[in-house]
Amino acid sequence: MALDLRGDVPDRAMELRRLARAVGGSGGIALGAGLLGGGAGRPRHLRRMPTFPGDLLDPSASHGDVLVQIEARSRSAAAEASDRFLRAVPAWRLRWRIDGFLAGSQTERGRALTRDPFHFTEGFGNPPTEREIRERSLVRPGQGEPDWAVGGSYQVVRLVRLATELWDRDSQEEQERIIGRRRNGRWLDGTPAEERPDFRSDPKGCVTPLTSHVRMAAPDRRNPPPLVRRSYGYDRGDGDIGLIFSCFQRDLAAGFEAVQRRLEGQELGKYVLTFGGGYFFVPPLGDAWVEAALR
């Protein structure tokens, strides 16, 4: 869920600390550009998420002063925890909210894998170790970021509606050609899912099409995009099915934005519609950053 701080709040730092305490160990928070303003304390890449080609952003489902994620083992438990949380933070107004779930969740060789609503296994592109995950996702000293932001991470959330009925009319072979992988993650040239395929031996895209999602997103598999993905499915009924795409990176321009630019014109585009989400910054653990971030 995304929240906005009410305009008549006299002490923003106090309310931000209260919000972080209310979330507790059941989730986490991330900060939006609207909360931090344009001061020296704002992370240098943080701004409102722009509209990319093919997007149709709904203002009521986009952006926000803070992003809050609450996790639970069941939908009902998550709903109850969310309602309790909102009652505990009256200084904050709900901007948008969406319920997600992990389908087919499993861990394989250190990678957390899930199945998306298009029937494909996701997560093989993430690194298998905590050290590599931190390397891709956490802000380092010397990046030109505010001191308080070191150890934090840029988070991108994209609410993506999927045309599942249209997708399911295609054969599995056609779907795999559009994605550039088998449903189980194995590469089209037979390379195991957790290994890197050799796209250089297929320069014309005879095996893995040049317009496939994975090839456009990361044409050089030796140098994968410097980000970590963690996405959820959603199903709001009446055919409104999709993906809550989420990724973390230490450099927004080199991570998500570079990938998104490469994906312009992909074949997958006719099956997906991004209608909401935003850019946020996950602060380091604790609350020592609060005053510096709001400065």
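Where is His 119 found? I placed His 119 in the loop between strand S6 (111–115) and strand S7 (121–122). Helices (H or I, at least four residues) and strands (E, at least two) are DSSP runs, numbered from the N terminus.

**Ground rules.** I am working with a predicted model, in which local features need pLDDT of at least 70, side-chain atom pairs count only at pLDDT 80 or more, and totals for chains, interfaces and linings use all residues. Residues are numbered from 1 along each chain as its sequence is written, and side-chain values use heavy atoms, with hydrogens and water left out.

**Two histidines.** I looked up backbone angles next. His 119 has a positive phi of about 80° and is not a glycine. His 63 is not a glycine either, and its phi is positive at about 65°. I noted both because most residues other than glycine have a negative phi. His 63 sits in the loop between helix H2 (33–36) and strand S3 (66–70).

I then checked burial. Buried means under 20% relative accessible area, exposed over 50%, and partly exposed in between (1.4 Å probe, protein chains only). His 63 has 10% relative accessibility, so I count it as buried. His 119 has 29%, so it goes down as partly exposed.

**Glu 176.** I found Glu 176 in helix H6 (residues 172–179). Is Glu 176 buried or exposed? It is buried, because its relative accessible area is 6%. I listed its contacts (heavy atoms within 4.5 Å). Not counting residues up to four places away in sequence, Glu 176 touches Phe 120, Arg 181, Arg 182, Arg 183 and Leu 188. For Arg 183 I also have a distance: its backbone nitrogen lies 3.1 Å from a polar atom of the Glu 176 side chain.

**Asp 189.** This residue lies in the loop between H6 and helix H7 (213–217). Its relative accessible area is 38%, so Asp 189 is partly exposed. Its side chain makes a polar contact with the side chain of Thr 191, at 2.8 Å. A polar contact is a pair of N or O atoms within 3.5 Å; within protein, one must be able to donate a hydrogen and the other to accept it, and residues adjacent in sequence count only if both atoms are side-chain atoms. Leaving out residues up to four places away in sequence, Asp 189 touches Pro 197, Asp 198 and Val 207.

**Glu 135.** I located Glu 135 in helix H4 (residues 130–137). It is partly exposed, because its relative accessibility is 39%. Which residues does Glu 135 contact, leaving aside neighbours within four places in sequence? I found Arg 140 and Arg 250. Leu 67 is 68 residues away in sequence and 23 Å away in space, C-alpha to C-alpha.

**Whole chain.** I counted 9 helices and 12 strands in the protein chain. The C-alpha trace spans about 60 × 45 × 35 Å along its principal axes. Buried residues make up 48% of the 295. Among contacts between residues at least 6 apart in sequence, 72% join residues at least 24 apart.
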